[in-house]
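Dear colleague,

I am passing on the structure below and would be glad if you could look through it alongside the notes that follow.

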Amino acid sequence: MCHVINFFAQWIKGALVQVMNRRLGLFVVAAIFVGLLAGCTGAVPAAQAPAGTSTAEATTSADTGAAADLSKFLVYGYSGEPSSLDAANSNGVNITAQIEESLASFKPGTLELAPGLAESWTPNDDSTEWTFNLRPGVKFHDGTDLNADAVVFNFQRYADPAFEYGYRDQGNTFSIFPYIFGGFQGDPASLWGGVEKVDDATVKFTLTRPTPLFPNLIAASYFGISSPDAIKQAGAKYGTPEGGAVGTGPFKFSEWTPGQSLTLVRNDEYWGEKAKLPGVVVRFIADAPERLAELQAGSIDLTTDLDPSALEAIQ
């Protein structure tokens with residue numbers, strides 16, 4: 001499992017937001033990240049945009065209904081297009097992690113656990129039960145509360161093939177869940193036992209076998225928590241260009257133009273340290289030499305998955 005995506009999520013929110021001058025320090029930052037996410041995105045190739053242009057120039061903010069000032073947005077040249085913005089169904093979790101957050105997280109650049117949407121967690125004596133205490137006062141982008149009911153809803157959606165709001169009969173698979181836990185709920189081989197609400201701020205997970213690393217498993221960005229109201233409203237379209245995505249993260253979904261780009265805008269009500277960037281435009285540029293050319297031309301600020309041979313050109 002590639003946890004570098006969590007570093008990327010924090011990096012977008014923190015250090016990279018300092019690079020507001022797109023001509024200063026850009027190549028150094030890009031060089032550090034040459035190949036960093038290689039093999040982590042599983043991106044699906046998409047149509048390219050012309051070099052030297054930005055597909056976001058005419059983007060309209062979903063929040064204000066007015067043209068956004070995209071000159072201050074980070075422009076990320078992505079090596080494909082996410083299959084979904086629904087984290088557990090997505091091959092682009094380095095993007096979904098900006099929108100939907102997990103209960104636990106990792107300290108940037110490490111595999112050391114850190115609080116996420118949960119402030120703390122404790123096991124029972126044999127690590128077959130884990131109790132998570134949720135961070136108070138957190139809201140989803142739609143204004144609804146992050147609480148135990150929301151967490152239970154999300155994990156039932158991932159784990160239970162019979163859950164009403166999983167929309168498996170309409171194409172959702174949540175295939176990462178059995179990959180990590182050995183099966184869905186009810187499968188004899190699965191580690192998963194169940195999840196229940198203890199009170200509004202507390203959730204208990206039950207496992208079929210001792211699992212000391214359970215917090216590490218659900219810290220993966222695949223288990224980003226979404227608004228139950230948004231999922232119910234969008235149905236099987238949740239996570240698609242039409243349905244969008246609603247989480248608790250530092251950025252909110254604004255717009256997705258298939259084959260071209262998607263736009264995220266800063267969440268000014270974020271519970272943690274707010275992003276310094278007003279937004280991010282993710283451009284879908286499948287061809288690595290084209291991404292390199294656009295990086296050198298200054299039409300994108302950041303890219304990944306370049307061939308290692310590009311390092312000399314970037315420097």
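R266 is partly exposed, with a relative accessible area of 25%. Please keep in mind, here and below, that this is a predicted model. The partner of R266 is D268, and the two side chains form a salt bridge in which the closest N and O atoms are 2.8 Å apart. D268 likewise counts as partly exposed, its relative accessibility being 43%, since the partly exposed class covers what falls between the 20% limit for buried and the 50% limit for exposed.

A second pair, E294 and R283, also meets in a salt bridge, here with 2.7 Å from N to O. E294 belongs to helix α8 (residues 288-297), while R283 belongs to strand β10 (residues 279-284), so this pair ties together parts that are eleven residues apart in sequence. Both E294 and R283 are buried, which, for the classification used here, means that each has under 20% relative accessible area.

Turning to the sheet, four strands make up an open arrangement in the order β4-β5-β7-β6, and their pairing is antiparallel. The edges are taken by β4 (118-123) and β6 (192-199), each of which has a single partner strand, so that one side of each is left without a neighbour in the sheet. From one strand to the next, the twist averages 20°.

Helix α4 (residues 148-159) lies across β5, β6 and β7 (202-207), and the helix runs at about 165° to β6.

There is also a charged group to look at: E129, E196 and K204 are linked in a network of salt bridges. E196 itself is partly exposed, with a relative accessible area of 38%.

How many salt bridges does the model hold by the rule applied here? The count comes to ten, and those described above are among them, including the pair of D268 with R266 and the pair of E294 with R283.

Definitions and conventions:
Residues are numbered from 1 along each chain as its sequence is written. This is a predicted model: local features need pLDDT of at least 70, side-chain atom pairs count only at pLDDT 80 or more; totals for chains, interfaces and linings use all residues. Side-chain values use heavy atoms; hydrogens and water are left out. Two strands pair if DSSP finds at least two bridges between them. Helices (H or I, at least four residues) and strands (E, at least two) are DSSP runs, numbered from the N terminus. Axes are lines fitted to C-alpha atoms, for helices over the stretch in contact, and angles run from 0 to 180 degrees between N-to-C directions. Contact means heavy atoms within 4.5 Å. A salt bridge is a side-chain nitrogen of Lys or Arg within 4 Å of a carboxyl oxygen of Asp or Glu. Buried means under 20% relative accessible area, exposed over 50%, partly exposed in between (1.4 Å probe, protein chains only).
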